[in-house]
Amino acid sequence: MEKKEIIDTIVEIEKQADTTLQTLSTLKNEIAKLLEENQTLRIENKHLRERLDKEISELSASSESEGLTKSRLNLENIYGDGFHVCNLFFGQRRVEDEPCAFCLEVIYGERK
């Protein structure tokens, strides 16, 4: 191999290393943004769950004082067994028994 070929090879490797370094830097910045967004969403999700739990307990307290019809009691039992009773997800299992605002509206919502 000639000296020129060796120098050309080194220059090419150097260019590739620079490109790789720029790509890594870009990826690092994107990961940092995603981690920050993920943490923000986790906090927001936690606050929303707390708010939903509060709403559930308020709805439960008001429904106990008013009493539920037999059909709503049946829906409440199905919901308590871990299934959706709302028209969006009816019959599907609730993931990790997470509350569903739509189901709660069906069970405890205003009666007309």
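This briefing describes helix packing, salt bridges, a surface patch and selected residues in one structure.

The model is predicted, so that local features need pLDDT of at least 70 and side-chain atom pairs count only at pLDDT 80 or more, while totals for chains, interfaces and linings use all residues. Residues are numbered from 1 along each chain as its sequence is written, and side-chain values use heavy atoms, with hydrogens and water left out. Helices are DSSP runs of H or I with at least four residues, numbered from the N terminus.

**Helix packing**

- Helix α2 (residues 70-80) packs with helix α3 (residues 101-108) at an angle of about 155°, their axes being 9 Å apart; axes here are lines fitted to C-alpha atoms over the stretch in contact, and angles run from 0 to 180 degrees between N-to-C directions.
- That angle makes α2 roughly antiparallel to α3, a term that applies to angles over 145 degrees.
- On the α2 side the meeting residues are R72, L75, E76 and Y79, and on the α3 side they are C103, L104, E105, V106, I107 and Y108, where contact means heavy atoms within 4.5 Å.

**Salt bridges**

- The structure holds four salt bridges, each defined as a side-chain nitrogen of Lys or Arg within 4 Å of a carboxyl oxygen of Asp or Glu.
- One of them joins the side chains of K4 and D8, at 3.5 Å from N to O; the two residues are four apart in helix α1 and therefore separated by about one helical turn.
- K4 is exposed, with a relative accessible area of 56%, whereas D8 is partly exposed at 41%; buried means under 20% relative accessible area, exposed over 50% and partly exposed in between, with a 1.4 Å probe and protein chains only.
- Another salt bridge brings together the side chains of K33 and E30, at 3.9 Å from N to O, and these residues, three apart in helix α1, are likewise separated by about one helical turn.
- K33 is exposed, with a relative accessible area of 54%, while E30 is partly exposed at 39%.
- E98 forms a salt bridge with R49, with the closest N and O atoms 2.9 Å apart, and this pair links distant parts of the chain, E98 lying in the loop between α2 and α3 and R49 in helix α1, 49 residues apart.
- Both partners of that pair are partly exposed, E98 with a relative accessible area of 30% and R49 with one of 37%.

**Surface patch**

- M1, I6 and I10 form a nonpolar patch on the surface, with about 350 Å² of accessible area together; such patches are made of residues with over 30% relative accessible area and no salt bridge, nonpolar side chains (Val, Leu, Ile, Met, Phe, Trp, Tyr) being joined within 5 Å.
- Accessible areas come from the Shrake-Rupley method with a 1.4 Å probe, and for residues only the protein chains shown count as cover.
- I6 lies in helix α1 (residues 3-66) and is partly exposed, with a relative accessible area of 37%.

**Individual residues**

- R94, placed in the loop between α2 and α3, is buried, with a relative accessible area of 7%.
- Leaving aside neighbours within four places in sequence, R94 is in contact with Y79, G80, G82, F83, H84 and P99.
- K54, in helix α1, is exposed, with a relative accessible area of 51%.
- K54 and I31 are 23 residues apart in sequence, and the C-alpha to C-alpha separation in space is 34 Å.

Note on methods:
Patch = residues over 30% accessible without salt bridge, like charges linked within 9 Å, V, L, I, M, F, W, Y side chains within 5 Å. Parallel < 35°, antiparallel > 145°, perpendicular 65-115°, else oblique.
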